[in-house]
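Subject: Structure for your files, with notes

Hello,

Here is the structure for you to look at. My notes on it come after the display.

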Amino acid sequence: GGGGKGQSELARIVRAFLIEEQRIVRKVMEAEKKIQREKKRSARKNKKHIVLPEGMNDRILRAAAILLERYVVDLTILGNEPEIAKRLGQLTDKADQIRLINPAESEWREPFAKKYIELRTPKKNPTWDLSYDLMADVSYFGTMMVHEGYADGMVSGAAHTTQHTIR
């Protein structure tokens with residue numbers, strides 16, 4: 001066979017190409033890691049306050065523990081405070097950094113109910129009793145926290161339907 005020199009030249013070119021490709025892939029991966037570090041640093045610097053209305057959902061509490069460990073957000077979790085505190089204590093040693101609120105017992109329930117009536121009148125015109133009862137619901141309470149500026153956003157949907165969340 002007369003192609004010995006041509007094959008070795010081709011093999012050398014292919015090897016050089018593969019080495020260069022590996023170098024490029026390494027550079028891209030390093031750049032991606034740098035971007036991820038920068039995103040985390042930025043998130044820590046511009047921390048948002050998020051309210052999680054589904055505090056009785058274990059997936060939510062596990063996610064909250066992870067977010068807390070990464071210092072990316074400030075959290076308020078709504079629901080039964082003693083039960084949530086107990087479970088969070090099992091998941092993270094930073095549980096005391098999460099604000100827990102039981103809407104039914106919160107000092108914000110009454111002002112939120114008043115504001116809800118203002119927002120819904122005259123279109124719907126809810127009664128005081130209805131408005132006050134609604135503010136015991138974690139989804140309504142969380143929405144009012146965002147509306148009134150006590151939180152930057154709300155993440156819901158693990159236990160409540162989308163329809164219930166946007167209502």
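This is a predicted model: local features need pLDDT of at least 70, side-chain atom pairs count only at pLDDT 80 or more; totals for chains, interfaces and linings use all residues.

Salt bridges

The count of salt bridges is eight. Side chains of opposite charge can pair when their charged atoms come close. I describe some of these bridges here.

E20 and R23 are one of the pairs, with 2.7 Å between their closest N and O atoms. Both sit in helix α1, which covers residues 4-45, and because they are three residues apart they are separated by about one helical turn. An α-helix has 3.6 residues a turn, so residues three or four places apart point the same way. E20 is partly exposed, at 33% relative accessibility, and R23 is also partly exposed, at 38%.

K115 and E118 form another salt bridge, with their closest N and O atoms 3.5 Å apart. These two are also three residues apart, about one turn, in helix α4 (residues 109-120). K115 is partly exposed, with a relative accessibility of 24%, whereas E118 reaches 54% and counts as exposed.

The bridge between K47 and D74 has an N to O distance of 3.4 Å. This pair links distant parts of the chain, 27 residues apart: K47 belongs to the loop between α1 and β1 (48-52), and D74 to strand β2 (residues 73-78). Neither end is buried: K47 is partly exposed at 32% relative accessibility, and D74 is partly exposed at 37%.

There is also a network of salt bridges, which links D58, R62 and R87.

Helices α2 and α3

Helix α2 spans residues 58-69 and helix α3 spans residues 81-91; their axes come within 10 Å of each other and cross at roughly 50 degrees. At that angle α2 and α3 are oblique to each other, and their crossing is right-handed. On the α2 side the contact is made by D58, L61, R62 and A65, and on the α3 side by I84, R87, L88 and L91. D58 and R62 of α2 and R87 of α3 are therefore part of this contact as well as members of the salt-bridge network.

N57 is buried, at 15% relative accessible area. A polar atom of the N57 side chain lies 2.9 Å from the backbone nitrogen of R59.

Helix α6

Is helix α6 mostly covered or mostly open? Helix α6 runs over residues 138-147 and is mostly covered, with seven of its 10 residues buried. The buried ones are V138, S139, Y140, F141, G142, M144 and M145. At the start of the helix, a side-chain oxygen of D137 comes to within 2.8 Å of the backbone nitrogen of S139. After α6 comes G149, which has a positive phi, near 85 degrees.

T76 in strand β2

Strand β2, which holds D74 of the bridge described above, also holds T76. T76 is buried, with a relative accessible area of 0%. The T76 side chain makes a polar contact of 2.6 Å with the side chain of H49. Leaving out residues up to four places away in sequence, T76 touches H49, I50, V51, L52, R99, I101 and M145. Of these, M145 is one of the buried residues of α6.

K123

How exposed is K123, and which loop is it in? K123 is in the loop between α4 and α5 (128-134). At 69% relative accessibility, K123 counts as exposed. K123 and N80 are 43 residues apart in sequence, and their C-alpha atoms are 33 Å apart in space.

Regards

Terms used: Residues are numbered from 1 along each chain as its sequence is written. Side-chain values use heavy atoms; hydrogens and water are left out. A salt bridge is a side-chain nitrogen of Lys or Arg within 4 Å of a carboxyl oxygen of Asp or Glu. Helices (H or I, at least four residues) and strands (E, at least two) are DSSP runs, numbered from the N terminus. Buried means under 20% relative accessible area, exposed over 50%, partly exposed in between (1.4 Å probe, protein chains only). A polar contact is a pair of N or O atoms within 3.5 Å; within protein, one must be able to donate a hydrogen and the other to accept it, and residues adjacent in sequence count only if both atoms are side-chain atoms. Axes are lines fitted to C-alpha atoms, for helices over the stretch in contact, and angles run from 0 to 180 degrees between N-to-C directions. Angles under 35 degrees count as roughly parallel, over 145 as roughly antiparallel, 65 to 115 as roughly perpendicular and the rest as oblique. A crossing is left-handed if the near helix is turned anticlockwise from the far one by less than a right angle, and right-handed if clockwise. Contact means heavy atoms within 4.5 Å.
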